[in-house]
Amino acid sequence: MELKIDIDSEVEFLVGLLNTPSPTGYHVEAIEYVRKAFAALNIPDMTLSITPKGALLIKWAGQTSENPIGLTAHVDTLGLMVKEIKRSGRLKCTTLGGILWGGIESEGVTVRTFDGRLYRGSVVPENTSVHVNRNIKSLERNEDTMEIRLDERTSSEKETRELGIEVGDFVFVDPRVEVTDSGFVRSRFLDDKASVANIYGAVQALHAAGLKPPRDTYILIANYEEVGHGGSAGFPPDLAELLAVDMGAIGKGQSGDEFSVSICVKDGGGPYHFDMNNKLRNLAQAHDIPHHVDIYVYYSSDGTAYWRAGGAAKVGLAGPGVDGSHAYERTHQDSLYHTTHLLARYILAE
């Protein structure tokens with residue numbers, strides 16, 4: 001049966017999600033954005049709930065409750081948190097996840113205070129000007145050499161604190177989203193919001209076709225993946241299979257690209273389940289879905305977090321190909337389309 005995937009609607013969902021800040025530890029707005037989008041699909045057999053941890057858990061009742069399956073993608077992203085207010089009034093930050101300091105240099109940010117006030121600023125090296133600092137070009141970019149320059153009239157720790165800014169405040173890095181006429185989507189944090197959009201698009205396509213899952217299907221939109229424990233809790237104990245949906249890493253020595261589905265058979269956590277790896281490959285071949293099989297050495301997913309927490313289900317991993325991971329990322333609508341198609345076929349599979 002042919003499925004109609006509304007890629008325009010999926011990209012619109014993705015752009016809105018990318019523009020909703022959600023660094024690890026700050027998830028409420030992004031989780032609510034996703035919850036509202038799924039609720040608006042008006043699927044009668046679907047229930048949505050928020051876990052104590054703050055993740056979104058969706059249950060789509062199938063034709064049977066035996067051997068339920070799950071899918072997971074994470075809405076949390078990389079980011080920064082205020083570590084120290086300097087004597088200069090500028091901010092020293094600690095990273096949330098593996099963000100690249102060089103990848104966010106000169107980028108705009110928003111500092112959110114504990115009580116909800118928002119202040120703009122930029123990520124800059126200390127003593128930035130090349131006309132003053134002859135060593136600025138060779139300076140190593142790290143937590144000790146980079147700072148937040150606030151767009152406020154402050155030149156002391158006291159003046160910054162009077163703005164309401166304190167240690168522990170979140171710093172949102174501008175995503176800088178752009179969808180090109182040639183079909184590319186450029187933005188920070190496609191990892192892993194592109195995969196959340198894939199799951200949304202797959203559910204939308206199946207519902208539009210009047211289809212429902214053969215088995216109860218659980219979808220966990222996690223909120224702590226970037227620090228290693230997002231998918232570790234939330235699924236029922238009798239889960240039979242879990243498909244983690246996360247970006248396909250692209251680069252030297254990798255098989256994937258920005259136009260197909262990446263199926264990861266092994267990452268830093270070890271091999272994924274043999275049956276799941278084969279199931280995903282067979283589904284892609286059976287439905288003529290462009291795909292590449294890959295291994296990611298410096299990578300781990302919520303599927304691994306689930307296993308390490310004692311999860312007993314078979315686990316696999318697939319997702320859209322994303323270039324420039326943890327920096328200024330890019331994918332193509334073709335990859336989004338084909339990944340969404342594979343997810344839909346997976347949900348329908350017996």
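**Exercise 1. Determine which residues His-338 is in contact with, leaving aside its neighbours within four places in sequence, and describe its surroundings.**

Solution. The model is a predicted one.
- Step 1: with those neighbours set aside, the contacts of His-338 are Phe-259, Ser-260, Val-261, Ile-289 and Pro-290.
- Step 2: His-338 itself belongs to helix 8.
- Step 3: the cut-off for a buried residue is under 20% relative accessible area. The value for His-338 is 17%, so this residue is buried.
- Step 4: Ser-262 is 76 residues from His-338 along the chain, and the C-alpha atoms of the two are separated by 9.8 Å.

**Exercise 2. State how many residues of helix 8 are buried, and compare its reach with the expected value.**

Solution. 
- Step 1: helix 8 covers residues 333-348, which makes 16 residues.
- Step 2: its first and last C-alpha atoms are 23 Å apart, close to the 22 Å expected at 1.5 Å a residue.
- Step 3: of these 16 residues, 13 are buried, so helix 8 is largely enclosed by the rest of the structure.
- Step 4: Asp-334 also lies in helix 8. Its relative accessibility is 36%, and Asp-334 therefore counts as partly exposed.

An α-helix has 3.6 residues a turn, so residues three or four places apart point the same way.

**Exercise 3. Decide whether Lys-4 counts as buried or exposed, and locate it in the chain.**

Solution. 
- Step 1: Lys-4 is in the segment that comes before helix 1 (7-18).
- Step 2: a residue counts as exposed when its value is over 50%. Lys-4 has a relative accessibility of 74% and therefore counts as exposed.
- Step 3: Gln-204 is 200 residues from Lys-4 along the chain, while their C-alpha atoms are separated by 9.3 Å.

**Exercise 4. Examine the backbone at Asn-42, at Asp-288 and at the bond between Asp-191 and Asp-192.**

Solution. The background is that most residues other than glycine have a negative phi, and most peptide bonds are trans.
- Step 1: Asn-42 has a phi near 55 degrees, a positive value although the residue is not glycine. Asn-42 sits in the loop between helix 2 (28-39) and strand 1 (46-50). With 60% relative accessibility, Asn-42 counts as exposed.
- Step 2: the phi of Asp-288 is likewise positive, near 55 degrees, in a residue other than glycine. The loop that holds Asp-288 runs between helix 6 (274-286) and strand 17 (291-295). At 68% relative accessibility, Asp-288 counts as exposed.
- Step 3: the peptide bond joining Asp-191 and Asp-192 is cis, with omega about 10 degrees. Asp-192 is part of helix 5 (residues 190-208).

**Exercise 5. Describe the protein as a whole: what elements does it have, and what is its radius of gyration?**

Solution. 
- Step 1: the protein has eight helices and 19 strands.
- Step 2: its radius of gyration is 21 Å, close to the 20 Å that the globule rule gives for 350 residues, so the protein is as compact as a globular protein of that length.
- Step 3: the C-alpha trace spans about 65 × 40 × 40 Å along the principal axes.
- Step 4: 55% of the 350 residues are buried.
- Step 5: of the contacts between residues at least 6 apart in sequence, 76% join residues at least 24 apart.
- Step 6: the accessible surface is about 15,000 Å², and 49% of it belongs to carbon and sulfur atoms.
- Step 7: there are 34 positive and 48 negative side chains, and the centres of these two sets are 5 Å apart.

How values were computed
Residues numbered from 1 in each chain as written. Predicted model: local features only at pLDDT ≥ 70, side-chain atom pairs only at ≥ 80, totals over all residues. Heavy atoms only, no water. Helix = DSSP H or I, 4+ residues; strand = E, 2+ residues; numbered from the N terminus. Rg over C-alpha atoms; globule rule 2.2 N^0.38 Å. Buried < 20%, exposed > 50% of the residue type's maximum accessible area, 1.4 Å probe, protein only. Contact = heavy atoms within 4.5 Å. Areas by Shrake-Rupley, 256 points an atom, 1.4 Å probe, with all protein chains shown as cover. Lys, Arg positive; Asp, Glu negative; His and termini not counted. Charge placed at Lys NZ, Arg CZ, Asp CG, Glu CD. Expected span 1.5 Å × (residues − 1).
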